[in-house]
Amino acid sequence: MPSLTFLGAARTVTGSKYLLEVDGQRVLFDCGLFQGLKELRLRNWSPLPVPPETIDAVVLTHAHIDHSGWLPRLVGQGFKGPIFCTGGTADLCKLVLPDAAHLQEEDAKFANKRGFSKHSPALPLYTEADAAEALTRFRPQPFNQKISILSGLEVEFINAGHLLGSSYILLTRQDKSGGRILFGGDLGRYSRPILPDPSPGVAADVLLLESTYGDRLHPAEDDGATLARIITETVARRGKVIVPAFAIGRVEELLYWIFKLEDEGRLAKVPIYVDSPMALKGLEYYNTRTDELDEEIVAMRRKLPRFTSVNSAMESKALVENDIPAVIIASSGMATGGRVVHHLFAGLPEPRNTILFVGYQAAGTRGRQLEDGAQYVKIFGQHVPVHARIEKIDGMSSHADSGEIVRWLRTLPRAPKTTYLVHGEVVAQDALKARITKELGWNVEIPSHGQKVELPL
Ligand SMILES: [Zn+2]
């Protein structure tokens with residue numbers, strides 16, 4: 001009987017990895033990095049339960065680092081097979097994987113310099129060479145076409161509306177059983193700018209479903225009013241709005257809203273800096289794949305030129321030291337690394353500044369500490385007092401909330417035999433399980449880390 005082992009994003013939101021074993025073949029669905037709490041990050045160093053060279057193929061739902069960021073490690077540890085994904089995912093991975101590798105190398109270097117690693121010398125989880133090697137394995141595929149990946153197995157990528165190239169993946173056994181698994185990936189939202197609505201679900205025997213916001217409803221759309229208020233108030237205090245943002249995806253939406261508000265005369269023009277070379281390249285990919293996006297992207301493209309690109313580290317440093325009121329968008333999204341950390345180091349002690357979170361902050365990240373009202377955070381080994389205002393806008397999330405998840409589930413032609421909830425923290429998963437059981441009467445399971453289940457295929 002085919003089996004599935006949950007090697008990540010089980011009762012947590014990062015590290016997505018699901019190992020399918022069928023007819024003597026092994027396929028890994030997603031290959032994400034664990035982020036957040038130390039006990040989770042340490043899992044990035046643990047070997048897989050099977051040797052990487054025995055995995056025949058990897059299939060990716062999308063390019064976010066918690067779904068793709070362990071690929072260079074997998075390759076570095078001996079994986080030799082192809083990596084299937086959409087063209088958009090392959091494009092974005094060209095940005096995120098080398099960047100992640102660079103951060104790993106920088107972290108190791110920094111730890112060695114400061115001597116705060118227990119390991120001597122500290123080694124990176126993977127290198128830029130591993131990332132480059134991983135990128136040579138990518139086999140980009142179009143949406144909505146059945147592709148044979150291994151003997152007797154085909155997959156189809158279906159647009160999930162969560163990020164450029166994001167998909168859920170329908171795997172079909174081509175033998176007489178015709179068994180089908182739908183790997184949900186991350187699910188997008190309805191009626192949002194930039195990205196299309198999630199495509200309707202398809203019939204499957206087994207469903208893997210994300211549950212990040214399984215216990216929450218996003219606040220009703222306020223047409224940018226909160227964003228306008230936050231920027232206006234901060235500028236009136238002569239402060240900076242520092243936005244830790246995923247370098248790809250969220251930045252596009254944030255810029256869209258700022259330009260819309262300015263266009264409608266609801267926000268005075270302030271300098272906007274995108275302090276992330278990767279985000280700038282990501283914007284280019286969005287512009288070349290408009291046919292995969294929402295129609296509103298066309299309007300956004302017309303208005304995009306009015307922001308300042310911060311390319312070199314020197315320019316970034318100058319921006320950190322500059323006191324002019326501005327909106328600064330810099331990665332990483334959970335403030336765990338990247339240039340935003342330097343902006344926070346300088347900006348957090350100043351009451352005139354605002355730190356604005358526009359995405360999910362996983363437990364254990366600096367972003368979550370700030371969101372939870374920490375009085376100080378540790379940056380570069382120092383205690384940095386938090387006097388800046390902390391704000392968040394949940395509505396800009398690219399993850400479906402509990403209502404949207406159920407709305408999407410209702411588009412499936414029939415109930416799967418089993419629905420496995422993945423990619424969520426415990427409270428959210430328990431709430432979503434209760435809701436699906438009550439409203440749809442489906443059989444829902446919540447797998448634990450490392451659990452192996454037999455699939456009724
Ligand atoms: Zn995602």
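**Entry 1: Gln35**

The model I am reading is a predicted one. I started at Gln35, which sits in the loop that joins β3 (25–29) to α1 (38–41). Is Gln35 buried or exposed? Its relative accessibility is 18%, so Gln35 counts as buried, the cut-off being under 20%. I then listed its contacts, leaving out neighbours within four places in sequence: Thr14, Leu40, Arg41, Ile65 and Asp66.

**Entry 2: Pro52**

I moved on to Pro52, in the loop between α1 and β4. Pro52 is buried too, at a relative accessible area of 13%. Not counting residues up to four places away in sequence, Pro52 touches Leu74, Gln77, Gly78 and Phe79. I also checked Pro52 against Val75: the two are 23 residues apart in sequence, and their C-alpha atoms are 7.7 Å apart in space.

**Entry 3: the zinc ion**

Which residues coordinate the zinc ion? I found His62 through NE2, His64 through ND1, His162 through NE2 and Asp186 through OD, at 2.1 to 2.3 Å. Along the chain these donors have the spacing H-x1-H-x97-H-x23-D. His64 belongs to the loop between β4 (57–59) and α2 (65–68), and His162 to the loop between β8 (153–159) and β9 (167–173), so this pair ties together parts 98 residues apart in sequence. Both His64 and His162 are buried. I noted the geometry as irregular, because the angles subtended by the four donor atoms run from 90 to 168 degrees, and a tetrahedral label needs all angles between 85 and 135 degrees.

**Entry 4: the seven-stranded sheet**

I traced an open sheet of seven strands with mixed pairing, in the order β7-β8-β9-β10-β11-β20-β21. The edges are β7 (147–150) and β21 (444–445); each has a single partner strand, so one side of each has no neighbour in the sheet. Leu182 has Leu207 in β11 as its bridge partner. Helix α13 (residues 402–409) packs on this sheet and touches β9, β10 and β11, with its direction at about 160 degrees to that of β11.

**Entry 5: β20 and its neighbours**

β11 also pairs with β20, in the parallel sense and over five bridges. Leu208 is opposite Tyr420 of β20. On the other pairing, β20 and β21 run parallel and are joined by two bridges, with Val444 in β21 as the bridge partner of Thr419. How many of the residues of β20 are buried? I counted five of its five. Thr418, Tyr420 and Val422 are buried on one face, and Thr419 and Leu421 are buried on the other. Helix α14 (residues 426–440) lies across β11, β20 (418–422) and β21, at about 155 degrees to β20.

**Entry 6: α7 and α8**

Last, I looked at a pair of helices, α7 (residues 250–263) and α8 (residues 277–288), which pack at an angle of about 80 degrees with axes 9 Å apart. That makes α7 roughly perpendicular to α8. Where they meet, I found Val251, Glu252 and Leu255 on the α7 side, and Ala279, Gly282, Leu283 and Tyr286 on the α8 side.

Technical notes. Residues are numbered from 1 along each chain as its sequence is written. This is a predicted model: local features need pLDDT of at least 70, side-chain atom pairs count only at pLDDT 80 or more; totals for chains, interfaces and linings use all residues. Side-chain values use heavy atoms; hydrogens and water are left out. Donors are N, O and S atoms within 2.8 Å of the metal (3.2 Å for Na, K and Ca); water is not among the atoms, so sites may look incomplete. Four donors count as tetrahedral if all angles lie between 85 and 135 degrees; four count as square planar and six as octahedral if opposite donors are over 155 degrees apart and all others between 65 and 115; anything else is irregular. Helices (H or I, at least four residues) and strands (E, at least two) are DSSP runs, numbered from the N terminus. Buried means under 20% relative accessible area, exposed over 50%, partly exposed in between (1.4 Å probe, protein chains only). Two strands pair if DSSP finds at least two bridges between them. Contact means heavy atoms within 4.5 Å. Axes are lines fitted to C-alpha atoms, for helices over the stretch in contact, and angles run from 0 to 180 degrees between N-to-C directions. Angles under 35 degrees count as roughly parallel, over 145 as roughly antiparallel, 65 to 115 as roughly perpendicular and the rest as oblique.
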